[in-house]
Amino acid sequence: CPHLALISQIAESFDYYINEDGTPDFIVDKVDQVTFGLAALNLYEFFGDNKYKNTADVLYEFIRKLALENENEIIEYRENQSAYLVDTLGLVCPFLLRYGDLFNDKYASGLAERQINYYVRNGIDNDTFLPYHSINKTLNIKLGPTNWGRGLGWYALAVASAKTHIQIEDDVNSKLDGFIKQIAI
């Protein structure tokens, strides 16, 4: 493989942050860290080494726990916030969908689908299809701007993953397609 040297260097850098068994050598306590799981899944697919699956498993269990702490299983960006942030979609959904596909874990895929469906139904501008910065947890009210660049990027990552990994209900799918057309302008 022509990329073996590069992927081996990436693995070496990645391994610096995990123990021999693959458990992270840091405390997993933020959704921001879940993107580390995507790298673990890529390395697992390439090398087939279970230590990378173990890394992904730890991050998956962290996300499951966060989801199960909320009645509607919507994952909070930070514990006890008053709003759900759009960032969370891009941080967790690509990982959950990939994990679900690789390990045939229907809960992982379903959890990602619930995050996306909730946000699209409650946090999207119906005219522009752009995501609001956040959604008030109690009232489901859209908060903040729809032109927040970082939020658009995180949302785009979630949309791309959703469009390639799960069956999306028609009302949600039309809004995702509207977003794709909007950003292509």
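Predicted model: local features only at pLDDT ≥ 70, side-chain atom pairs only at ≥ 80, totals over all residues.

Mentor: Residues are numbered from 1 along each chain as its sequence is written, and side-chain values use heavy atoms, with hydrogens and water left out.

Trainee: In what order do the strands of the open sheet come?
Mentor: Helices (H or I, at least four residues) and strands (E, at least two) are DSSP runs, numbered from the N terminus. Two strands pair if DSSP finds at least two bridges between them. The open sheet has three strands with antiparallel pairing, and their order is β1-β2-β3.

Trainee: And which are the edge strands?
Mentor: Look for strands that pair on one side only. Those are β1 (83–85) and β3 (142–143).

Trainee: Which residue of β2 stands opposite Leu85?
Mentor: β1 and β2 (residues 134–136) run antiparallel, joined by three bridges. Opposite Leu85 in that pairing you'll find Ser134.

Trainee: At what angle does α5 run to β2?
Mentor: Axes are lines fitted to C-alpha atoms, for helices over the stretch in contact, and angles run from 0 to 180 degrees between N-to-C directions. Helix α5 (residues 106–122) lies across β1, β2 and β3, and its angle to β2 is about 80°.

Trainee: How do α3 and α5 sit: parallel, perpendicular or oblique?
Mentor: Under 35 degrees counts as roughly parallel, over 145 as roughly antiparallel, 65 to 115 as roughly perpendicular and the rest as oblique. The axes of α3 and α5 are 11 Å apart, at an angle of about 55°. The pair is therefore oblique.

Trainee: Which residues of α5 make that contact with α3?
Mentor: Contact means heavy atoms within 4.5 Å. On the α3 side, Tyr60, Ile63, Arg64, Ala67 and Leu68 take part. Their partners on α5 are Tyr107, Ala108 and Leu111.

Trainee: What angle do α6 and α7 pack at?
Mentor: Here α6 covers residues 149–165 and α7 residues 170–183, with axes 11 Å apart. These two are oblique as well. The angle is about 125°.

Trainee: How many nonpolar residues are in the contact of α6 with α7?
Mentor: Leu152, Tyr155, Ala156, Val159 and Lys163 of α6 meet Asn173, Leu176, Asp177, Phe179 and Ile180 of α7. Ala, Val, Leu, Ile, Met, Phe, Trp, Tyr, Cys and Pro count as nonpolar, Asp, Glu, Lys and Arg as charged, and the others, Gly among them, as polar. By class there are two charged and one polar, and the nonpolar count is seven.

Trainee: Is Asp87 buried or exposed?
Mentor: Asp87 is found in helix α4. Leaving aside neighbours within four places in sequence, Asp87 is in contact with Tyr77, Trp148, Arg150 and Trp154. Buried means under 20% relative accessible area, exposed over 50%, partly exposed in between (1.4 Å probe, protein chains only). At 2%, Asp87 is buried.

Trainee: What is the phi of Asn80?
Mentor: Asn80 is in the loop between α3 (50–68) and β1, and is exposed, with a relative accessible area of 64%. Phi is positive in this residue other than glycine, near 65°.

Trainee: And where is Asn104 found?
Mentor: Asn104 also has a positive phi, about 50°, although it is not a glycine. Asn104 is exposed at 56% relative accessible area. Its place is the loop between α4 (87–103) and α5.
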